[in-house]
Amino acid sequence: MRAIVCSELGSLDALRVEDRDPFVPGPGQVVIDVRAAGVNYVDGLLCQGRYQIKPPTPFVPGGEVAGQVAALGEGVSGFDVGDRVIAMTGLGGFAEQAVVSALSLLPIPERLGFGQAAALIQSYSTALFTLTRRTHVAPGEWVLVLGAGGGIGLAMIDVAVALGGRVIAAASTAEKLAAASAMGAVATIAYEDADLKTRARELSGGGVDVVIDAVGGPHSEPALRATRASGRFCVIGFASGSIASVPLNQVLLNNRTVVGVDWGAWTSRAGDENRALVDELMRMVADGRLHPPVPSERPLADAAQVMAELIDRRAGGKFVLVP
Ligand SMILES: NC(=O)c1ccc[n+]([C@@H]2O[C@H](COP(=O)([O-])OP(=O)(O)OC[C@H]3O[C@@H](n4cnc5c(N)ncnc54)[C@H](OP(=O)(O)O)[C@@H]3O)[C@@H](O)[C@H]2O)c1
């Protein structure tokens with residue numbers, strides 16, 4: 001079976017396609033024939049050695065997949081060969097097969113294709129965690145989403161709208177803003193060309209209640225300044241490559257709150273609570289309350305190219321690799 005292999009942390013150009021032996025499942029494990037592997041911004045950081053976690057090399061990147069059960073290990077029940085499943089692999093997703101603990105499997109809701117299912121969990125769990133656990137978006141509240149046309153941005157819009165929020169989407173291109181509007185944003189700001197603070201205040205009638213910042217850099221401070229009394233500023237990530245420093249008087253003023261969000265770290269500590277979060281997410285998807293985007297499909301061999309496009313800001317929306 002073919003797999004994308006990272007033999008040394010650094011340039012994405014060093015990634016290679018290798019042929020490997022097919023997996024045999026151990027006790028409690030399941031082998032999945034991967035139909036789609038979700039590509040996230042963090043996958044590229046991980047291979048470049050720029051992420052907080054540095055896996056020993058060689059490794060196969062890819063943290064989330066959707067596919068069909070190919071073989072069941074001893075003691076596994078509740079799944080049959082051929083079942084459509086989602087799995088969080090941690091690593092190992094960019095391959096024709098993945099092997100995971102049966103405990104990490106989720107059945108794919110009928111209404112989702114393999115691509116949507118493979119691109120769902122990381123972005124949408126982060127969004128649901130942010131908007132229902134780290135802060136609470138109430139119906140009618142204004143939510144300003146930076147990087148709104150990216151994977152996290154689109155998921156945040158979808159979840160915020162499902163909770164009754166009114167979303168203002170900020171992004172760099174007309175295409176990304178159109179994707180954000182299609183997801184349910186009621187207003188948009190082309191933040192490279194506009195005064196983000198002033199426009200967000202105007203559009204929300206005085207200030208937004210919640211900011212979702214997965215971008216960082218020069219947009220963070222104006223977004224914080226755009227929040228109204230008791231506003232919450234959620235720090236999700238730094239896709240711009242730059243961690244903003246903001247004057248703390250802007251937190252004091254108006255009783256604002258800065259909320260840190262680290263879904264990955266929380267999952268490793270909060271097993272049952274995370275399972276409840278993911279179950280809630282899957283119910284919302286199955287009920288049609290959420291609308292995971294249909295991702296762009298690329299061949300497995302394009303892994304490095306897709307990761308580079310995300311890291312270099314050339315791509316919008318979600319991507320999956322189809323082995
Ligand atoms: N805290 C958590 O638990 C958690 C969980 C998952 C991901 N994250 C983080 O969230 C961030 C976004 O992830 P994602 O999957 O949404 O990534 P993505 O799909 O690549 O979207 C990121 C967006 O950031 C914007 N951006 C601005 N400057 C950029 C630059 N110099 N290079 C690349 N993008 C730039 C782009 O929008 P514009 O072009 O419109 O500006 C892009 O669409 C990443 O830092 C990731 O590590 C955090």
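Which hand does the crossing of α3 and α4 have? A few notes on that and other spots follow.

1. First, the ground rules. This is a predicted model, where local features need pLDDT of at least 70, side-chain atom pairs count only at pLDDT 80 or more, and totals for chains, interfaces and linings use all residues. Residues are numbered from 1 along each chain as its sequence is written, and side-chain values use heavy atoms, with hydrogens and water left out.

2. The crossing of α3 and α4 is right-handed (the near helix is turned clockwise from the far one by less than a right angle). Helices (H or I, at least four residues) and strands (E, at least two) are DSSP runs, numbered from the N terminus. Helix α3 covers residues 121–134 and helix α4 residues 151–162; they pack at about 50 degrees, with axes 8 Å apart. Axes here are lines fitted to C-alpha atoms, for helices over the stretch in contact, and angles run from 0 to 180 degrees between N-to-C directions. The pair is therefore oblique (under 35 degrees is roughly parallel, over 145 roughly antiparallel, 65 to 115 roughly perpendicular, the rest oblique).

3. Who makes that contact (heavy atoms within 4.5 Å)? From α3 come Ser123, Tyr124, Thr126, Ala127, Leu128, Thr130 and Leu131, and from α4 Gly151, Ile152, Leu154, Ala155, Met156, Asp158, Val159 and Ala160. By class, the α3–α4 contact has 10 nonpolar, 4 polar and 1 charged residues. In this scheme Ala, Val, Leu, Ile, Met, Phe, Trp, Tyr, Cys and Pro are nonpolar, Asp, Glu, Lys and Arg charged, and the others, Gly among them, polar.

4. Helix α1 (residues 41–48) and helix α11 (residues 303–311) pack at about 105 degrees, again with an axis separation of 8 Å. That makes α1 roughly perpendicular to α11. On the α1 side, Tyr41, Asp43, Gly44, Leu45, Cys47 and Gln48 meet Met307, Leu310 and Ile311 of α11. The contact of α1 with α11 splits into 6 nonpolar, 2 polar and 1 charged.

5. Now α5 (residues 174–183): Lys176, Leu177, Ala180 and Met183 are buried (buried is under 20% relative accessible area, exposed over 50%, partly exposed in between, with a 1.4 Å probe and protein chains only). Seen down the axis, the buried residues of α5 fall within an arc of 115 degrees, so they line one face; the arc is that of the directions from the helix axis to the C-beta atoms. Their cover includes α3, α4, β9 and β10. Ala174, Glu175 and Ala182 are exposed on the face of α5 turned away from the buried side. Gly184 follows α5 with a positive phi near 125 degrees.

6. Helix α6 (residues 196–204) buries Leu196, Ala200 and Ser204. Down the α6 axis these fall within an arc of 45 degrees, so they line one face of the helix. They pack against β8, β9, β10, β11, α7 and β12.

7. Leu224 sits in α7 and counts as buried at 3% relative accessibility. Beyond neighbours within four places in sequence, Leu224 touches Phe233, Val246, Gln250, Val251 and Arg256.

8. Some backbone spots to look at. The peptide bond from Thr57 to Pro58 is cis, with omega near -5 degrees, and Pro58 lies in the loop between α1 and β4. Ser230, in strand β12, has a positive phi of about 65 degrees although it is not a glycine. Arg313, in the loop between α11 and β15, has a positive phi near 70 degrees. Ser230 is partly exposed at 44%, and Arg313 is partly exposed at 47%.

How values were computed:
Contact = heavy atoms within 4.5 Å.
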